[in-house]
Amino acid sequence: MIPVELTVNGRTYREEVEPRLLLSDFLRHTLGLTGTHVGCEHGVCGACTIRLDGAAVRSCLLLAVQADGSAIETVEGLAANGELHQLQDAFREHHALQCGFCTSGILMAATELIERSKRPTRGEIVDMLSGHLCRCTGYEPIVDAIEQVAGHS
Amino acid sequence: MKPVPFAYVRAESVEHAVETLHEHGDEAKVLAGGQSLVPALNMRLARPSVLVDLNRVEGLDGLDQVNGSIRVGALVRQAAAERAEPVRKRCPLLAEVLPLVGHVVTRNRGTIGGSIAHADAAAELPLALVALGGDVITSRRTIPAEAFFVTHFTTSLEPDELVVATTWPGNREGEGSAVEEFAVRHGDFALASAACRLRVANGRVAEARLAVGSVTDRPELMDTQDLVGTEIDAEIAREVGAAAAQAVDPPPNLHGSPAYRRALVATLVKRALTRAWERAAS
């Protein structure tokens with residue numbers, strides 16, 4: 001077992017982990033933060049996307065030991081003081097989710113895209129979404145929701 | 001879908017990583033961005049007993065201009081290279097190929113050195129490095145790209161040898177380059193790909209490099225001697241494409257027969273050559 005210390009959504013955690021423990025399982029099973037979803041577990045579906053020191057990454061393709069000393073943000077950290085993040089609001093408004101399985105990963109990738117590109121084009125949003133599988137919406141409402149927030153931020 | 005148990009070594013330096021690899025031989029695997037290795041671990045296609053994590057090694061994330069080339073440290077993330085001004089200005093082929101590698105989120109973590117060392121025959125970065133005539137700098141020597149890639153997932157690296165950087169020749173006067181690929185969906189492995197680098201002098205081809213990817217066991221450098229001294233037109237581009245298609249022997253896969261993939265090679269080579277010519281001439 002290897003000791004790790006990291007922050008998730010601003011809170012510090014100290015745990016001991018097996019080297020083979022995936023960061024996605026660490027978040028869900030060790031810390032109980034089940035907002036991060038695990039779909040394919042080989043980097044294809046994008047459901048487990050989180051932010052690691054600001055970068056949107058697949059948590060199923062990282063080991064928990066690798067995250068030692070880092071700052072992680074997950075979907076649980078988006079809403080503040082009982083208010084939904086503006087992206088979450090836009091997703092609700094545009095009906096950009098149905099079952100919600102893919103949503104947390106897309107939200108985390110979308111927050112990075114908006115911070116980095118400021119006003120991403122529809123093409124850039126679609127390009128980002130190519131790394132995320134959604135089987136309910138047909139994607140268009142998701143693009144609409146992100147585009148709305150990107151246009152106002 | 002969980003990795004088998006392994007020992008984890010956080011390398012502190014290139015020397016420490018090399019020593020650990022030397023000690024454990026084939027039992028050890030190097031972990032860089034993990035965007036190919038960790039899926040293989042999760043599916044238990046890879047079962048190393050020791051994982052050597054390079055991510056905390058200092059000095060492997062530099063991106064510098066050296067003698068007209070760009071030297072990219074092995075740990076430079078693909079997304080960082082994609083956004084780096086020297087890459088966009090000095091090495092347009094690398095800038096053009098990076099958005100084709102996986103997805104935004106995988107490029108945030110995936111490294112240039114890792115993709116090169118992994119040597120997937122359908123990967124774009126090895127294809128571009130061969131087409132450009134770049135080098136792989138290891139912990140003990142410099143290896144030209146075309147001698148580095150041996151076959152599927154196999155390179156000329158020794159078991160205790162580490163990729164520390166790659167060098168990507170920058171665009172010179174009169175040069176143009178282009179890459180083309182066909183994948184069923186963006187981010188999927190390409191069914192066929194082609195990359196070309198031309199130098200034009202006095203309205204004619206002075207130097208030409210052309211590589212074809214995804215259709216054999218490694219990026220294949222095509223014979224381009226006959227191109228020197230020509231002016232590329234639609235007819236020549238078509239002929240070069242047809243010759244490239246005949247020079248490779250692609251296996252069938254889920255998405256395409258050998259004949260279909262050959263047809264793709266012909267078309268992609270024609271397009272890459274034409275675009276490289278147009279860019280070099282402008």
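The questions and answers below concern a predicted model.

User: How does the radius of gyration of chain B relate to the globule rule, and what is its value?
Analyst: Chain B holds 11 helices and 14 strands. For its 282 residues the globule rule gives 19 Å, and the chain comes close to that, so chain B is as compact as a globular protein of that length. Its C-alpha atoms fill a box of roughly 60 × 45 × 30 Å along the principal axes. The radius of gyration is 19 Å.

User: What share of the residues in chain B is buried?
Analyst: A residue is buried when 20 or more other C-beta atoms lie within 10 Å of its own. The count runs over the 282 residues of chain B. The buried share is 52%.

User: What share of the contacts in chain B with a separation of 6 or more joins residues 24 or more positions apart?
Analyst: Take the contacts in chain B with a separation of 6 or more. Then keep those between residues 24 or more positions apart. They account for 65%.

User: Which helix gives the most to the side of domain 1 of chain B that touches domain 2 of chain B?
Analyst: Chain B is divided into domain 1 (7-53), domain 2 (63-169) and domain 3 (176-281). The C-alpha centres of domains 1 and 2 of chain B lie 19 Å apart. Their contact takes 13 residues from domain 1 and 17 residues from domain 2. The top contributor on the domain 1 side, with five residues, is helix H1 (residues 14-24) of chain B.

User: Is Ala147(B) buried or exposed?
Analyst: Ala147(B) lies in helix H9 (residues 145-148) of chain B. Ala147(B) has 12, so it is exposed.

User: How far apart in space are Ala147(B) and Asp135(B), C-alpha to C-alpha?
Analyst: In sequence, Ala147(B) and Asp135(B) are 12 residues apart. In space, their C-alpha atoms are separated by 9.2 Å.

User: Which strand gives the most to the side of domain 1 of chain A that touches domain 2 of chain A?
Analyst: The domain assignment of chain A gives domain 1 (2-77) and domain 2 (86-152). 14 residues of domain 1 are in contact with 11 residues of domain 2. On the domain 1 side, strands E3 (49-52) and E4 (55-58) of chain A each give two or more residues. The most, three residues, come from E3(A).

User: Which element gives the most to the side of chain A that touches chain B?
Analyst: The contact takes 22 residues from chain A and 24 residues from chain B. On the chain A side, E4 and helix H4 (122-129) of chain A give two or more residues. That side divides into 11 nonpolar, seven polar and four charged residues. The most, four residues, come from E4(A).

User: How far apart are the end C-alpha atoms of helix H3 (residues 103-117) of chain A?
Analyst: H3(A) has 15 residues. At 1.5 Å a residue, H3(A) should span 21 Å. The distance between its end C-alpha atoms agrees with that, at 20 Å.

User: Why is H3(A) described as largely enclosed, and how many of its residues are buried?
Analyst: The buried residues of H3(A) include Thr103(A), Leu107(A), Glu112(A) and Ile114(A). H3(A) is largely enclosed by the rest of the structure because, of its 15 residues, the number buried is 12.

User: Which residue just after H3(A) takes a positive phi?
Analyst: The position in question directly follows H3(A). Its phi is about 60 degrees. The residue is Lys118(A).

Notes:
Residues numbered from 1 in each chain as written. Chains lettered and ligands numbered in written order. Predicted model: local features only at pLDDT ≥ 70, side-chain atom pairs only at ≥ 80, totals over all residues. Domains from an automatic or database assignment. Contact = placed C-beta atoms within 7 Å. Nonpolar A, V, L, I, M, F, W, Y, C, P; charged D, E, K, R; others polar. Rg over C-alpha atoms; globule rule 2.2 N^0.38 Å. Expected span 1.5 Å × (residues − 1).
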